[in-house]
Amino acid sequence: MSHESKRFASIDGVLYNKEKSQLLAFPSGKKDTNITLPSSLTAIGDNAFNGCGVASITIPAQVSSIGRYAFANCKNLTSIELPQSVNSIGEGACSQSGLRSVIIPKNVTEINDYLLSNCENLSTVTLYQGITKIGAGAFAGSGLTECNSSLTEITIPSTTKDFGPWIEDNEYMMIPEGGVLMSCNNLQKIYCRAVTPPEASDRVTICPFEILSSGTLYVPTGTAEAYKAAPGWRYFKNIVEMDFSGIDAVETEQKPKVTVADGRVVVSGDCGLAVEIFAVNGTLMFNGSSGSIPALGHGIYIVRVGNTTEKVIL
């Protein structure tokens with residue numbers, strides 16, 4: 001690209017708009033695996049990292065939007081820290097990626113279609129109060145294999161009004177399996193805090209047929225009968241009332257959680273704090289954000305995040 005371009009700018013082969021406020025394309029063949037994006041960035045464009053081999057991405061705090069399929073097919077991307085400034089995440093943004101856990105920022109009010117579909121290693125998703133819509137196939141697998149997601153629990157915020165796809169009634173149409181949680185065959189617990197059952201469809205099941213029988217849907221105290229009569233939700237055989245009072249307040253003050261996955265330190269939780277990792281002799285091995293922790297050698301380490309300190313063994 002010409003350095004005199006009036007519309008675009010390039011930094012180490014990565015394409016931005018001229019102001020470097022929007023990342024447009026990251027070369028799929030680029031060898032870098034740990035990426036720190038420039039502080040001028042406010043938006044990540046459609047398909048920006050689609051199919052890239054990146055393992056970690058540090059996103060600056062002022063980014064507000066992430067485009068459609070921005071991180072799709074990033075198989076090496078196992079964790080990502082989305083800043084609280086993000087208020088919009090496009091359709092399929094993280095689909096078919098290697099993500100194991102995701103915390104959706106508090107300012108995001110809609111979970112778009114296929115956001116985390118086909119993320120086979122996905123185990124936890126954190127959604128905050130304020131979510132009003134969860135789109136079609138948001139956490140679904142492809143349905144092509146026996147088990148496309150390891151997701152075992154999900155909590156649906158009380159603010160959710162719309163859950164999954166709508167299909168016009170057609171007496172000749174077969175009821176497909178899945179919807180929002182299609183092919184999440186390990187799913188056993190669904191916590192839905194909405195007092196009024198979110199709008200769903202009788203034409204598309206919320207989750208796999210076997211989960212409707214073996215799983216448990218937990219709903220607010222006094223709402224079981226409403227869920228038993230509501231489209232989509234009525235197919236759950238095990239609907240149990242639960243007192244959710246006080247849980248939402250606790251949710252806003254989540255403590256960071258330190259775990260180990262595939263020989264790497266993983267810090268999750270809405271902490272917004274710097275992560276420090278020390279060797280047992282006191283040597284500082286890492287100081288930065290949770291989304292940019294590098295692979296460390298085998299050994300014992302001390303991980304400090306705010307007031308939380310954990311010892312881990314790699």
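A residue is called buried under 20% relative accessible area, exposed over 50%, and partly exposed in between (1.4 Å probe, protein chains only). The legends below describe a predicted model, in which local features need pLDDT of at least 70 and side-chain atom pairs count only at pLDDT 80 or more, while totals for chains, interfaces and linings use all residues. Residues are numbered from 1 along each chain as its sequence is written, and side-chain values use heavy atoms, with hydrogens and water left out.

View 1. For C119, the nearest cysteine sulfur belongs to C94 and is 6.7 Å away. C119 counts as buried because its relative accessibility is 1%. C192 is also buried, with a relative accessibility of 0%.

**View 2. Aromatic pairs.** Rings of Phe, Tyr and Trp (its six-membered ring) pair if their centres lie within 6.5 Å; planes under 30 degrees apart count as stacked, over 60 as edge-to-face and the rest as tilted. The structure holds five aromatic pairs. One of them, formed by Y191 and Y218, is stacked, at 4.8 Å centre to centre and 15° between the planes. Y191 belongs to strand β15 (residues 189-192) and Y218 to strand β16 (residues 216-220), so this pair ties together parts that are 27 residues apart in sequence. Strands (E, at least two residues) are DSSP runs, numbered from the N terminus. Both partners are buried: Y191 has a relative accessibility of 14%, and Y218 has a relative accessible area of 18%. The rings of W233 and F236 are likewise stacked, because their centres are 6.3 Å apart and their planes stand at 20°. W233 and F236 are buried.

**View 3. An aromatic cluster.** F26, F49 and F71 together form one aromatic cluster.

View 4. Two strands pair if DSSP finds at least two bridges between them. Six strands, in the order β1-β2-β3-β5-β7-β8, make up an open sheet with mixed pairing. Its edge strands, β1 (8-11) and β8 (88-89), each pair on one side only. Between β1 and strand β2 (residues 14-17), four bridges join the strands in the antiparallel sense. Here A9 stands opposite Y16 of β2.

Technical notes. A disulfide is a pair of cysteine sulfur atoms within 2.5 Å.
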